[in-house]
Amino acid sequence: MSNVTHVYFGNAKYHPIVSTYLKFFPSHKLIHCNKDESRLRRTISLFKALRKNKGSDVWYQCHDPVSLLVVMLINGRKRTIFDAHEVYSSYIKNSFANSV
């Protein structure tokens, strides 16, 4: 699959998994945000970048829940991969365990 665009709600330079994907698959593209901006500004910039990148043959690989939501708003469910690994499941487990 050569027409993959990785989407990350933060700076992908500091995300080891995203940077590894890009290292091993140089044909893949990346859309990410400046981590120094507010969440609203990052969401808007991600939305604008995805609208520019929209294409019928593009696969979007999302690495966090926010990027998944923005991709699904633009692209629907078609050609979307959610690849967040164990990081977010551990956050949910810890939050749930602490609230009980």
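This report describes the strands, helices and selected residues of one predicted protein model.

Residues are numbered from 1 along each chain as its sequence is written. Because the model is predicted, local features need pLDDT of at least 70 and side-chain atom pairs count only at pLDDT 80 or more, while totals for chains, interfaces and linings use all residues, and side-chain values use heavy atoms, with hydrogens and water left out.

Helices (H or I, at least four residues) and strands (E, at least two) are DSSP runs, numbered from the N terminus. Strands E1 and E2 run parallel and are joined by 4 bridges, where two strands pair if DSSP finds at least two bridges between them. Within this pairing, His-6 has Leu-30 of E2 as its bridge partner. Together with helix H1 (residues 16-24), the strands E1 and E2 make a right-handed β-α-β unit; a crossover is right-handed if, with the strands pointing away from the viewer, the path from the first strand over the helix to the second runs clockwise.

**Helix H2**

The buried residues of H2 are Arg-42, Leu-46, Leu-50 and Asn-53, where buried means under 20% relative accessible area, exposed over 50%, and partly exposed in between (1.4 Å probe, protein chains only). Seen down the axis of H2, these buried residues fall within an arc of 65°, so they line one face of the helix; the arc is that of the directions from the helix axis to the C-beta atoms. What covers them includes strands E1 (4-8), E2 (29-32) and E3 (59-62) and helix H3 (65-75), contact meaning heavy atoms within 4.5 Å. On the other side of H2, Leu-40, Arg-41, Lys-48, Arg-51 and Lys-52 are exposed.

**Accessibility of single residues**

| Residue | Relative accessible area | Class |
|---|---|---|
| Cys-33 | 4% | buried |
| Cys-62 | 0% | buried |
| Tyr-21 | 23% | partly exposed |
| Arg-79 | 35% | partly exposed |

The structure holds 0 disulfides, a disulfide being a pair of cysteine sulfur atoms within 2.5 Å. Arg-79 lies in the loop between H3 and strand E4 (80-82), and its phi is near 55°, a positive value in a residue other than glycine. Most residues other than glycine have a negative phi.
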